[in-house]
Amino acid sequence: MDQEELINAYLEGKLSPEDQRLFEQLLENQPEYKTILEEHRQLKIAVTLEERSKIKDFLEELDQKEKGIPKSKGGLRSWIYSGIAACAIVLAGLFLWTSLSMTPGEKIYKSYYETYPNLIAPTVRGESQANLESDAFLAFDNKDYEKAAVLFENLQHEPDSDYAVFYLGICQLELGRPEKAIPLFLKVREDASNPDQITATWYAALGYFQLNKLEEGTQAVNKVARTEGHPLQAKAQELAEILK
Amino acid sequence: MDVKEKQLELLKAGDRDTLKQIYLEHKNGFQLFAKRYTSDEGQIHNAYQDAIIALMENAQKGKIQSLSSTIGTYLFAVGKYLLFKSLKKQNQHLEITEELIDTIPFESFDDESKEESIRHLRQKLKELGPKCQEILQLFYYQSKNLDEIAKLMGYESKDVLKSTKSRCLKNLKDTLNRT
């Protein structure tokens with residue numbers, strides 16, 4: 001390692017404890033090294049600040065561009081009329097296409113999926129003390145699943161928030177991302193109570209159906225159907241019958 | 001390789017498109033999250049930008065080999081720490097937990113940025129040629145070693161790079177001494 005690389009590694013804290021001790025000894029014994037180290041440190045800070053300022057300029061530019069996105073003016077009548085006509089044709093086509101092209105799994109999903117309600121933090125009007133949990137459920141209740149997902153994601157690392165993984169999964173299902181939702185439901189622990197693991201299994205099954213993974217979906221449904229006394233047992237049994 | 005790892009790889013390579021994507025993706029979420037601690041939007045904005053820079057720097061320096069959490073969670077944790085630090089400077093009483101500090105290797109150099117010698121040095125760095133600027137950037141900012149830089153910049157040998165780097169530093173010193 002060349003001398004400058006050694007100093008760089010020292011300033012980055014990358015030296016092994018033994019090398020660091022030797023290097024500090026060298027600094028003690030040969031004061032000229034202290035001057036070299038200080039020069040190096042100053043240069044490192046100056047280059048770092050210069051680079052950061054370039055990145056910040058780039059980020060500011062992004063902010064400006066985002067603010068400056070021109071909004072559609074929509075002042076031209078002819079454009080509106082032709083727009084409406086085009087939309088009508090597209091919508092009619094889309095309706096036919098979706099109902100004809102839905103996979104068997106998607107049809108099951110559509111018939112059985114219901115948004116799991118907020119049973120954790122009912123939104124209380126006029127409550128001034130906001131916290132992450134209430135923000136997340138407020139967004140959830142307002143069907144702003146994108147925002148709720150961000151908040152639940154952050155919430156799942158807080159203590160006593162086992163439910164966050166589950167609700168994050170629901171948000172992902174609502175946003176049409178079953179592939180992200182399924183692993184979250186599978187993470188819900190066996191001893192979870194609100195909501196419990198079987199409820200999570202039910203939603204994992206629905207995620208599989210949305211992806212048209214019928215085999216995995218059926219397995220999960222059967223597990224729910226076998227759980228005596230569970231509120232979802234009857235529904236699961238009914239679906240299990242259909243899937244036979 | 002999943003999306004997160006791919007994004008980290010691209011960040012390591014300094015890819016601006018990935019930086020842009022990550023920055024815009026988590027911006028609104030962070031603002032929302034940070035408003036619980038302060039209503040000062042300027043401070044929130046700064047903390048978020050610094051968190052983005054920390055993510056990029058630590059990826060480039062190999063300090064993030066793999067993230068146990070998502071990129072968003074990492075940004076929120078770093079941003080929260082940086083926000084608390086700047087709020088603390090204004091004597092607001094907030095607890096910065098040790099756990100938070102341990103996970104975040106980021107030095108903001110606020111005091112140093114005001115030092116005259118650093119300011120002078122920054123000014124003179126801008127006057128160097130593009131090649132010198134790139135070498136110094138890779139060496140001092142990204143903490144790459146000379147072998148890596150030689151390979152990245154297409155030098156035929158480490159020695160050629162070494163003498164170019166010495167020339168760059170000599171030029172820098174000369175311009176500093178002239179003023």
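Trainee: Let's start with Phe109(B): where does this residue sit?
Mentor: In this predicted model, Phe109(B) belongs to the loop that runs between helix 5 (98–103) and helix 6 (116–125) of chain B.

Trainee: Is Phe109(B) buried or exposed, and how do you know?
Mentor: Its relative accessibility is 16%. Buried means under 20%, so Phe109(B) counts as buried.

Trainee: What makes the phi of Phe109(B) worth a look?
Mentor: Phi is about 55° there, a positive value, although the residue is not a glycine. Most residues other than glycine have a negative phi.

Trainee: And what can you tell me about the phi of Lys143(A)?
Mentor: Lys143(A) also has a positive phi, near 60°, and is a residue other than glycine. You will find Lys143(A) in the loop between helix 6 (132–141) and helix 7 of chain A.

Trainee: Why is Lys143(A) called exposed?
Mentor: The relative accessible area of Lys143(A) is 59%.

Trainee: What about Cys171(A), buried or exposed?
Mentor: Cys171(A) has a relative accessible area of 0%. With the cut-off for buried at under 20%, Cys171(A) is therefore buried.

Trainee: What kind of peptide bond joins Asn194(A) and Pro195(A), and how do you know?
Mentor: Omega is about -5° for that bond, and the bond is cis. Most peptide bonds are trans. Look for Pro195(A) in the loop between helix 9 and helix 10 (197–210) of chain A.

Trainee: How do you know that Cys132(B) and Cys168(B) form a disulfide?
Mentor: Their sulfur atoms are 2.1 Å apart. A disulfide needs the two sulfur atoms within 2.5 Å, so Cys132(B) and Cys168(B) qualify. Over all chains, the count by this rule is one disulfide.

Trainee: What makes this pair a link between distant parts of the chain?
Mentor: Cys132(B) lies in helix 7 (residues 130–141) of chain B and Cys168(B) in helix 9 (residues 158–178) of chain B, which puts the two 36 residues apart. Both Cys132(B) and Cys168(B) are buried.

Trainee: Which hand does the link of Cys132(B) and Cys168(B) have?
Mentor: The angle about the S-S bond is -80°, and the link is left-handed.

Trainee: Stepping back, how many helices and strands are in chain B?
Mentor: Chain B has nine helices and zero strands. Of its 179 residues, 46% are buried. Its accessible surface is about 9700 Å², with 47% of that from carbon and sulfur atoms.

Trainee: What classes of residue line the largest pocket?
Mentor: The lining has 15 polar, 11 nonpolar and nine charged residues.

Note on methods
Residues numbered from 1 in each chain as written. Chains lettered and ligands numbered in written order. Predicted model: local features only at pLDDT ≥ 70, side-chain atom pairs only at ≥ 80, totals over all residues. Heavy atoms only, no water. Nonpolar A, V, L, I, M, F, W, Y, C, P; charged D, E, K, R; others polar. Helix = DSSP H or I, 4+ residues; strand = E, 2+ residues; numbered from the N terminus. Buried < 20%, exposed > 50% of the residue type's maximum accessible area, 1.4 Å probe, protein only. Areas by Shrake-Rupley, 256 points an atom, 1.4 Å probe, with all protein chains shown as cover.
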